[in-house]
Amino acid sequence: MAIENVQQLLSEQLGKHRCDVITTTAMTGKAYYVVYFVTESVIASITATNIQTGTGSAAASLHTTIAAGTTLFLTVTAITLTSGLAICYYDQAI
């Protein structure tokens, strides 16, 4: 997706569509394009369709403590936190 103008960029930065605010409830069957961690969080599991698998690359590498303020730009279809708080943004409109 290319940014066409300043208004579109601002919309992207402000969370142009829906979002979920998550804690430790498993979120499955989703279509998030950004996950922002508000507080230090621990990822118990994550599934992202655009993570390449192979030598040295696996989604399981993200099963770790994530610092507050970290943003993941991934196509996340499922995520579960052990602790913490995250805002997960959808790409589709309401």
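Ser 41 touches Thr 64, Thr 65, Ile 66, Leu 81, Ser 83, Gly 84 and Leu 85, where contact means heavy atoms within 4.5 Å and residues up to four places away in sequence are not counted. This residue lies in strand E3. Ser 41 is also buried, with a relative accessible area of 0%; buried means under 20% relative accessible area, exposed means over 50%, and partly exposed covers what is in between, using a 1.4 Å probe and protein chains only. A polar atom of the Ser 41 side chain lies 2.8 Å from the backbone oxygen of Thr 39.

The model is predicted, so local features need pLDDT of at least 70 and side-chain atom pairs count only at pLDDT 80 or more, while totals for chains, interfaces and linings use all residues. Residues are numbered from 1 along each chain as its sequence is written, and side-chain values use heavy atoms, with hydrogens and water left out.

Turning to the overall fold, the chain has one helix and seven strands. Helices (H or I, at least four residues) and strands (E, at least two) are DSSP runs, numbered from the N terminus. Along the sequence they follow the pattern α-β-β-β-β-β-β-β. Of the 94 residues of the chain, 30% count as buried. Among contacts in the chain with a separation of 6 or more, 82% come from residues 24 or more positions apart.

Thr 24, in the loop between E1 and E2, is partly exposed, with a relative accessible area of 45%. Thr 24 and Leu 81 are 57 residues apart in sequence, and their C-alpha atoms are 4.8 Å apart in space. Leaving aside neighbours within four places in sequence, Thr 24 is in contact with Thr 80, Leu 81, Thr 82 and Ser 83. Thr 28 belongs to strand E2 and is exposed, at a relative accessible area of 56%. Beyond four places in sequence, Thr 28 is in contact with Thr 77 and Ala 78.

Gly 84 sits in the loop between E6 and E7 and counts as partly exposed at 25% relative accessibility. The C-alpha atoms of Gly 84 and Phe 37, 47 residues apart along the chain, are separated by 7.8 Å.

A nonpolar core is a set of buried Ala, Val, Leu, Ile, Met, Phe, Trp, Tyr and Cys residues joined through side-chain atoms within 4.5 Å. The largest such core here has 19 residues, and those with the most contacts inside it are Ile 22, Tyr 32, Val 35, Phe 37, Val 76 and Ile 79. Two or more residues come from each of strand E2 (27-37), strand E3 (41-48), strand E6 (76-83) and strand E7 (86-90). E2 gives the most, with four residues. Ile 79 touches Ile 22, Thr 25, Ala 26, Met 27, Tyr 32, Val 35, Phe 37, Ser 45 and Ile 46, apart from residues up to four places away in sequence.

Asp 20 is placed in strand E1 (residues 19-22) and counts as buried at 17% relative accessibility. The side chain of Asp 20 makes a polar contact with that of Lys 30 (3.4 Å); a polar contact is a pair of N or O atoms within 3.5 Å, where within protein one must be able to donate a hydrogen and the other to accept it, and residues adjacent in sequence count only if both atoms are side-chain atoms. The charged end of Arg 18 sits over the ring of Tyr 90, 4.1 Å from its centre. This requires NZ of Lys or CZ of Arg within 6 Å of the ring centre and within 35 degrees of the ring normal.

Finally, the cysteines: a disulfide is a pair of cysteine sulfur atoms within 2.5 Å, and the count comes to zero disulfides. The sulfur of Cys 19 has that of Cys 88 as its nearest cysteine sulfur, 8.5 Å away. Cys 19 is partly exposed, with a relative accessible area of 38%, whereas Cys 88 counts as buried at 0%.
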